[in-house]
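Please look through the sequence and the model below before reading on; the paragraphs that follow go from aromatic rings to the packing around them.

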Amino acid sequence: MILRLREAGKSDEVTVKPKSRYSPLGSGGLIDWFKRPQTGLDAALSRLQAGTKVSVFWARGADQLAGEAELVESPLDVESAPKHVDKGLGLTVKEITDDVRRLLKLKPGFKGLLVYDVESGSPAAVAGFAPTALLTEAAGKPLASLADLTAAVAAERAAKKPTIRLRAAFFGRSRYAELRLPRRKMSAFAARLPKAELHLHIEGTLEPELMFELARRNGVKLRFGSVETVRAAYAFTNLQTFLDIYYEGAAVLVNEQDFHDLCWAYFTKVAPMNVRHVEMFFDPQTHTGRGVPYAEVLKGLNRARARAEKELGITSKLILCFLRHLDETDAEKTLAEALPVGGIDGVGLDSSEKNRPPSLFQRVFAKARAAGLKATAHAGEEGPPRYISEALDLLKVERIDHGVRCLEDANVVARLAAEQIPLTVCPLSNVRLRVVDRLEDHPLRAMLGKDLRASINSDDPAYFGGYAGENYAETARALRLTDDELRLIAKNSFLSSWLSPAEKDRHLADIAALAP
């Protein structure tokens with residue numbers, strides 16, 4: 001069987017043996033493009049200029065020629081269509097547009113993804129995927145968009161599963177395939193870098209195993225039947241669906257020992273990642289609203305913090321966060337209870353940002369600052385750039401948590417750069433909560449390029465599939481960060497901290513002295 005491709009009077013011919021692999025396209029298939037089998041459509045179409053007439057011979061069945069099709073221009077929008085699901089998987093897909101439906105002769109309502117390219121030797125190739133296969137299901141859920149697939153991959157990775165099950169049409173037949181999910185490792189340089197973690201919700205470090213242990217210890221009934229069931233529920237579509245399960249999981253935290261065990265488990269995880277300093281959030285309203293005394297929460301966390309400094313050499317600060325989905329009066333009551341007790345270093349603002357601007361919390365932040373507490377606030381994740389400006393101008397915060405949407409407003413960017421306002425960025429969280437579709441699209445590198453003081457943090461690592469180490473490793477891979485960029489990010493983490501100048505200088509000197 002011979003595939004002939006003619007371009008401007010030139011002809012390429014490739015001989016293909018019967019029953020050899022080819023890419024299914026509807027009921028037929030393209031065998032090879034330009035003598036590069038299984039490299040996908042983009043490699044071939046990118047060589048063609050718009051308006052070029054191309055004759056293509058099709059194959060139907062294993063070894064039959066079917067006819068000829070003429071392409072006046074690329075029907076697959078080569079410049080913008082292909083998207084990597086995950087570089088480690090070697091799978092590039094395109095969402096099904098009307099053009100693709102017509103080309104593949106699919107029904108108008110067909111939902112799925114077109115496999116656009118498969119990297120040789122990758123997990124996708126090993127699983128038998130080929131360009132123009134149609135993906136219709138991932139991990140038991142139907143696929144309608146790239147975001148669905150990236151979320152499914154992230155959820156299975158977060159659940160520490162070795163594979164993800166995909167359903168696809170191969171050669172006109174539908175079948176399931178298991179795709180291996182390789183775990184990322186930090187580069188030796190990234191692993192050795194001293195790090196400060198400034199955006200960490202301690203309740204968001206509650207791993208399912210500890211959740212079940214505490215539930216048994218405290219007689220709390222969970223709706224989940226197993227650790228696997230809990231991890232399977234970590235398929236979030238937005239911030240609110242995450243918060244729903246986040247607050248449900250927190251119900252197992254009842255007494256001082258629970259909060260100690262939660263906090264200590266986090267410290268032992270990040271110590272090998274060379275995390276030297278942590279400024280962690282906690283949400284007392286989540287617990288006092290369930291009848292857990294504020295003092296129990298504080299004592300448990302501070303006991304674990306003291307232990308971590310003594311046994312692991314990790315220093316830390318504690319930030320009381322107000323839940324922005326509750327009203328300011330509730331936040332003021334929480335602050336009034338906390339101030340006489342002491343033991344905290346600052347206040348923050350978290351929970352659902354949508355339609356809850358920082359301006360709603362001016363009084364409570366003014367009271368906190370008057371009491372000598374430092375201030376930070378979540379802004380520019382779900383909310384628009386003006387929320388960043390409000391947090392700075394009205395709440396007088398020293399740091400912005402997230403802030404990735406600042407790039408939508410040039411004036412906000414200019415201010416952040418000029419004043420060197422710290423931005424505590426959480427890449428894996430941004431992917432899981434659909435702030436960005438995939439890690440390769442994350443704006444972190446662009447933020448660094450605009451001289452913004454951005455750092456890498458984990459947010460809620462038990463839910464988002466990665467602690468500080470995984471966030472550094474996977475972000476470095478996806479954005480192809482250089483050692484110098486990683487060094488800058490680590491430096492930013494300490495510069496953005498609330499450590500004393502002398503403490504900052506000690507860590508910065510270690511970063512500067514670290515050889516690549």
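Which residues form one aromatic cluster with Tyr 246? The cluster is made up of Tyr 246, Tyr 247 and Tyr 463. Before going further, note that this is a predicted model, in which local features need pLDDT of at least 70 and side-chain atom pairs count only at pLDDT 80 or more, while totals for chains, interfaces and linings use all residues. Residues are numbered from 1 along each chain as its sequence is written, and side-chain values use heavy atoms, with hydrogens and water left out.

Rings of Phe, Tyr and Trp (for Trp, its six-membered ring) are taken as a pair if their centres lie within 6.5 Å, and the pair is called stacked when the planes are under 30 degrees apart, edge-to-face when they are over 60, and tilted otherwise. By this rule there are six aromatic pairs. One of them joins Tyr 246 and Tyr 247 edge-to-face, with 5.3 Å from centre to centre and 75° between the planes. Tyr 246 is buried, at a relative accessible area of 3%, whereas Tyr 247, at 22%, counts as partly exposed; buried here means under 20% relative accessible area, exposed over 50%, and partly exposed in between, for a 1.4 Å probe and protein chains only. Tyr 246 also pairs with Tyr 463 in a tilted arrangement, 6.0 Å centre to centre and 55° between the planes. Because Tyr 246 lies in helix 8 and Tyr 463 in helix 18, this pair ties together parts that are 217 residues apart in sequence. Helices are DSSP runs of H or I with at least four residues, numbered from the N terminus.

Helix 8 (239-249) and helix 18 (461-464) also take part in the packing of helix 6, whose buried residues pack against both of them as well as against helix 7 (227-232) and helix 9. In helix 6 (residues 208-218), the buried residues are Pro 208, Leu 210, Met 211, Phe 212, Leu 214 and Ala 215. After helix 6 comes Gly 219, with a positive phi near 65°.

Tyr 463 leads on to the largest nonpolar core, which has 102 residues and in which Phe 282, Phe 365 and Tyr 463 touch the most other members. Such a core is a set of buried Ala, Val, Leu, Ile, Met, Phe, Trp, Tyr and Cys residues joined through side-chain atoms within 4.5 Å. Helix 9 (residues 256-270) supplies the largest share of this core, seven residues. Another core, of 24 residues, lies apart from it and includes Val 85, Ala 124, Leu 143 and Leu 166.

Key: Helices (H or I, at least four residues) and strands (E, at least two) are DSSP runs, numbered from the N terminus. Contact means heavy atoms within 4.5 Å.
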